[in-house]
Each structure stands twice: as C-alpha cells, then as structure tokens.
Amino acid sequence: MHSLSTSFVLGYHGCSKAVANSLLNGDPFRPSENAYDWLGKGIYFWEANPRRGIQFFREVQSRKQRDPDDVTVVGAVLDLGFCLDLTSSRGVDLVVDSYRGLEAVIDKIPGLAMPTNELGPDLLFRNLDCAVINYLHSSREHARLQKFDSVRGVFQEGGRLYANSGFREKTHTQIAICTPDKIKGVFRVPSSDL
C-alpha cells in the first residue's frame, strides 16, 4: 500500500490455449473467487515468471485430470495502482490487523470457526489467508476507505534447492488484480521466454 516502487509490472497468467486466444482477442479475465486463493478474490498473475505460470497451470490440469498439454501463458501489463503490498511493512501490518478483526468477528458468532490453511509443505489451500485478505477488502469498503487495486505477495514454495538451502524451487511473486481495468494490455509470450 504505497507508491515507493514502480506501478507497472509484467505479469503472466497460466491458462488453456482456448482461454489464451480468448484473452488475446480482448475478452476479459475472470476473477478467481475460491475460498483458498492465497491473495483473496482477484485475477491472478505470476510477476516476471511465465515459466512458473505454465508449471502451475499444468499442475492444475493434472489435478483435474485434464490434458496436461493444453497449457500456455499470456502476458499482461499490469498497473498495480493502490496496492496491498505484502513485501512492505505497512502491508504486513494491515494484514495482521485484519486477522485480528476477523478473529474478533468469528469469536462472536456461535458455532463458527476460523478458517484454516491446509497443512503441508506448501500450504496450497490457504482458506485462512484468503479470508483475512477478503475481510480486509470488505472492512475498507465498509469504512469507505480507498479500495485496493491489487494485492502482491512473495511466496516460498516447493522443495529446497539443495541441502539446508533457504531457497525454494517454486518461490514466486504473485499478484491478484482486484480492479480489472488495471490490466492495461495482454500479449503473446515469446517462446524464448518459456
């Protein structure tokens, strides 16, 4: 939530070949609204990492028992605008406050439990994180505060690169665009970048 870094970035969206053609022809992106989305509701992109976009979508296709070769990626010019940036101290503070607010609300409702993140090395299903980010969005809307155009976070994911490594094989920066008109253009990614 700052303007300390550049507002425009290149993001990459893994998808099927038919969806890629549709997006390249000007059709809109569809926001993801899964209860487990890491950064809450939004249109998801991998920052500066088209190969990871393809890898992830291939994993999705495999889990859904769909054709693992029906995978590609489109690039997009993204204006982060008013960004909830989880690489900044202010962004982290807002998420912590949102967690406390959500916890207080849930504690007041009998029989309702706080969502949880899936246990495991990568925490792929982040129901708690999603609920906290979405609660932050709704709290700001209720208070008539400026809405976030995007959410950006860095995630350590995958196996260690070598014994005792602090680096992970699938570490990435993820962006969720909350305001669709912040997607300024879509482009075909050169095969040399894949």
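The model is predicted, so local features need pLDDT of at least 70 and side-chain atom pairs count only at pLDDT 80 or more, while totals for chains, interfaces and linings use all residues. Residues are numbered from 1 along each chain as its sequence is written, and side-chain values use heavy atoms, with hydrogens and water left out.

Begin with the seven strands, which form an open sheet of mixed pairing in the order 4-5-6-2-1-3-7; strands (E, at least two residues) and helices (H or I, at least four) are DSSP runs numbered from the N terminus, and two strands pair if DSSP finds at least two bridges between them. Select strand 4 (83-85) and strand 7 (183-188) to see the edges, each of which pairs on one side only.

A pocket is found on a 1 Å grid over the protein atoms alone, as an open set of points where a 1.4 Å probe fits, with protein on both sides within 12 Å along at least five of seven lines, and lining residues have an atom within 4 Å of a point. Select Ser 32, Asn 34, Phe 56, Phe 57 and Val 60, which lie nearest the centre among the 36 lining residues. By class, the lining has 17 nonpolar, 11 polar and eight charged residues.

For the second largest pocket, select Leu 86, Val 95, Asp 129, Val 132 and Ile 133, nearest the centre among 14 lining residues. Helix 3 (89-107), helix 4 (127-142) and strand 5 (150-155) each give two or more residues to this lining, which has 12 nonpolar, one polar and one charged residues.

Finish with the aromatic pairs, of which the whole structure holds six, counted where ring centres of Phe, Tyr or Trp (its six-membered ring) lie within 6.5 Å, with planes under 30 degrees apart called stacked, over 60 edge-to-face and the rest tilted. Select Tyr 36 and Phe 125, whose ring centres are 4.9 Å apart and whose planes lie at 80°, so the pair is edge-to-face. Tyr 36 lies in the loop between helix 1 and strand 2 and Phe 125 in the loop between helix 3 and helix 4, so this pair ties together parts 89 residues apart in sequence.

Definitions and conventions. Ala, Val, Leu, Ile, Met, Phe, Trp, Tyr, Cys and Pro count as nonpolar, Asp, Glu, Lys and Arg as charged, and the others, Gly among them, as polar.
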